[in-house]
Amino acid sequence: MAKTWYYYSAAVAFLFLHCAAAQTVHVVGDTTRWIVPSDPNFYATWASSKTFHLNDVLSFEFTTGQHDVVEVPKESYDSCSDDNKIGNTIETGPYNHTLNKTGTHYFICSVGQHCNNGQKLTVNVVSGSSSTPSNAPSPSSSSSPSPSSSSNPQLPPPPGSAAPPPALAAGSFLITLSFVLGKLAL
């Protein structure tokens, strides 16, 4: 029976270590969210203070009907055009985009002149995993602009934002699993 418990414990430990290496969720623009910024360089400054790893998530939080998210190649990013978009135009917010390829990714808002007014984002994705916990707030850079509330309306937190981070949910699952396996071993 001790041998059986050993195998169950090893399986649980493996699952825990595998699930604990969760990706980081980056809320694009932090509290400003995905809007037309007052500073056209706002998203470039925001991204420069972050490190994006493979399988991290970009959370574009925006009001449906007011903005969208389009991934485009560099040429389309530079010209603020969605003619050569990569994938679909996302028109319903919030939208979570998993960074599943290394390299540089370009995103724009194709509504009106939003992109030309600075609602565009470039991120460079590196291999490896994040060392920060999932959904942890990213540290603010002292050089990043602090948008005023009068020129940048703040959106309320998205519905369901109080859900536990994936790492906590995985931990709860693993505790339950180890309890059940322990009962089976008895």
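Author: Leu54 lies in the loop that connects strand 2 with strand 3, in what is a predicted model. With a relative accessibility of 27%, Leu54 is partly exposed, because that value falls between the 20% under which a residue is buried and the 50% over which a residue is exposed. Once neighbours within four places in sequence are set aside, Leu54 has contacts with Leu99, Asn100, Lys101, Thr102, Val125, Val126, Ser127 and Gly128. Gly103 is 49 residues away from Leu54 along the chain, yet their C-alpha atoms are 9.4 Å apart.

Val125, a contact of Leu54, is the bridge partner of Gly103 in strand 8. Val126, also a contact of Leu54, is the residue of strand 8 that His53 faces. The pairing that involves strand 2 and strand 8 is parallel and consists of two bridges.

The sheet itself is open and has five strands, in the order 2-8-7-4-5, with mixed pairing. Strand 2 (52–53) and strand 5 form its edges, each of them pairing on one side only. Strand 8 pairs with strand 7 in the antiparallel sense, through six bridges. Along this pairing, Thr104 is opposite Asn124 and His105 is opposite Val123. Strand 7 also runs antiparallel to strand 4 (residues 69–72), to which three bridges join it. There, Glu71 has Phe107 of strand 7 as its bridge partner.

Leu58, leaving out residues up to four places away in sequence, touches His26, Val28, Phe52, Tyr95, Asn96, His97, Leu99, Phe107, Leu121 and Val123. Trp34 sits in the loop between strand 1 (25–27) and helix 2 (42–48). Its relative accessible area is 0%, so Trp34 is buried. Between the C-alpha atoms of Trp34 and Gly93 there are 9.5 Å, although 59 residues separate the two along the chain.

The remaining part concerns the cysteines. Cys80 and Cys115 form a disulfide, with an S to S distance of 2.1 Å. Their link is left-handed, with -70° about the S-S bond. The two cysteines come from distant parts of the chain, 35 residues apart: Cys80 is in the loop between helix 3 (74–79) and strand 5 (86–90), and Cys115 is in the loop between strand 7 (103–108) and strand 8 (120–126). Cys80 counts as buried because its relative accessible area is 19%, under the cut-off of 20%. Cys115 is buried as well, at 4% relative accessibility.

Cys109 takes part in no disulfide, and the cysteine sulfur nearest to that of Cys109 belongs to Cys115, 8.1 Å away. That distance rules out a disulfide because the two sulfur atoms would have to lie within 2.5 Å. Cys109 is buried too, with 1% relative accessibility. The count for the model is therefore one disulfide under the 2.5 Å criterion.

Notes
Residues are numbered from 1 along each chain as its sequence is written. This is a predicted model: local features need pLDDT of at least 70, side-chain atom pairs count only at pLDDT 80 or more; totals for chains, interfaces and linings use all residues. Side-chain values use heavy atoms; hydrogens and water are left out. Helices (H or I, at least four residues) and strands (E, at least two) are DSSP runs, numbered from the N terminus. Buried means under 20% relative accessible area, exposed over 50%, partly exposed in between (1.4 Å probe, protein chains only). Two strands pair if DSSP finds at least two bridges between them. Contact means heavy atoms within 4.5 Å.
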